[in-house]
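Keep the sequence and the model side by side.

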Amino acid sequence: MAAESFEQLLTRASKRKGGIENVTLLIGDAPNEQLLSKQGDDRFLAHFTKKVFQSGFVWRVVENKWPDFEEIFFNFDIEKILMMPEEMLERKASDPRIIRNFNKVKTIKANAQMIFNEQQNGHSFAKFIQEWPSNDTVGLWAFLKKEGARLGGNTGAYALRTLGKDTFIISRDIEAYMRAHEVIDGGINTKSSHKAIQQCFNRWHEESGLSYQQLSRLVALATGDNSVQVE
């Protein structure tokens with residue numbers, strides 16, 4: 001079995017969700033990646049940090065505490081974060097206004113270093129992310145996992161999605177689809193699986209002109225429980 005064509009995918013999603021108009025509404029608009037480089041690099045660090053803390057935790061709690069995170073960590077100013085000595089980082093990690101997890105707090109400085117390193121190539125980190133081609137989304141995930149801290153799995157991908165980068169997400173529905181259609185047969189986070197999934201999305205993108213984010217949602221609408229959901 002092989003992955004369906006875009007038309008087959010759209011037809012099945014439409015039958016499940018009450019027509020093409022409903023599907024179009026549910027997959028939403030394509031992200032405007034031109035807005036990425038207009039954001040400060042501090043926002044990238046902030047979103048990476050938020051997703052690191054939300055991973056394996058109640059997202060609502062992180063959201064409620066987020067204003068305090070911003071205040072305690074200098075609004076994620078890259079230079080100020082990098083200037084913090086270890087003792088200060090430890091002290092901030094014990095502040096009761098945030099989630100006191102020192103291992104996760106340490107990722108703030110590590111990911112600030114990743115951003116700073118890329119800035120030394122003569123452009124903002126935001127520009128670097130904007131210019132990374134979506135037809136190699138998995139390559140960007142691999143970069144974040146290697147150069148950053150705790151940005152592997154879906155953590156980095158969700159942060160990118162929140163920031164406005166066009167990316168698919170390997171949710172449970174996406175994984176189920178890829179296995180059912182024998183696009184992958186090994187571990188979900190292996191290089192070979194990521195490559196095969198990327199090729200599948202690239203083909204759908206060429207056939208439809210839809211963004212990778214919209215396609216990700218379309219697969220979920222055509223695959224998961226027959227309920228309205230956004231992946």
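Which residues of helix 9 (residues 137-147) are buried? They are T137, V138, G139, L140, W141, F143 and L144. Buried means under 20% relative accessible area, exposed over 50%, and partly exposed in between, using a 1.4 Å probe and protein chains only. Helices are DSSP runs of H or I with at least four residues, numbered from the N terminus.

A word on the source. This is a predicted model, in which local features need pLDDT of at least 70 and side-chain atom pairs count only at pLDDT 80 or more, while totals for chains, interfaces and linings use all residues. Residues are numbered from 1 along each chain as its sequence is written, and side-chain values use heavy atoms, with hydrogens and water left out.

The buried residues of helix 9 pack against helix 3, helix 7, helix 8 (125-131), helix 10 (155-163) and helix 12 (191-208). Contact here means heavy atoms within 4.5 Å.

Start with helix 10. Its axis and that of helix 9 lie 9 Å apart, at an angle of about 115 degrees. Axes are lines fitted to C-alpha atoms over the stretch in contact, and angles run from 0 to 180 degrees between N-to-C directions. The two helices are therefore roughly perpendicular to each other, a class that covers 65 to 115 degrees. Helix 9 contributes L140, W141 and L144 to the contact, and helix 10 contributes G156, A157 and L160. Five of these residues are nonpolar, one is polar and none is charged. Nonpolar covers Ala, Val, Leu, Ile, Met, Phe, Trp, Tyr, Cys and Pro; Asp, Glu, Lys and Arg are charged; the others, Gly among them, are polar.

Now turn to helix 3 (residues 41-54) and helix 7 (residues 102-119). Their axes are 10 Å apart, at an angle of about 150 degrees. Among the contact residues are F44, F48 and V52 of helix 3 and V105, I108 and I115 of helix 7. By class, the contact has 10 nonpolar, four polar and two charged residues.

Beyond helix 7, the loop to helix 8 holds H123. H123 is partly exposed, at 27% relative accessible area. Its side chain makes a polar contact of 2.7 Å with that of E118. A polar contact is a pair of N or O atoms within 3.5 Å; within protein, one must be able to donate a hydrogen and the other to accept it, and residues adjacent in sequence count only if both atoms are side-chain atoms.

Finish in helix 13 (residues 212-223), at Q214. Q214 counts as buried because its relative accessibility is 8%. Leaving out residues up to four places away in sequence, Q214 touches I27, G28, D29 and A30.

Definitions and conventions:
Angles under 35 degrees count as roughly parallel, over 145 as roughly antiparallel, 65 to 115 as roughly perpendicular and the rest as oblique.
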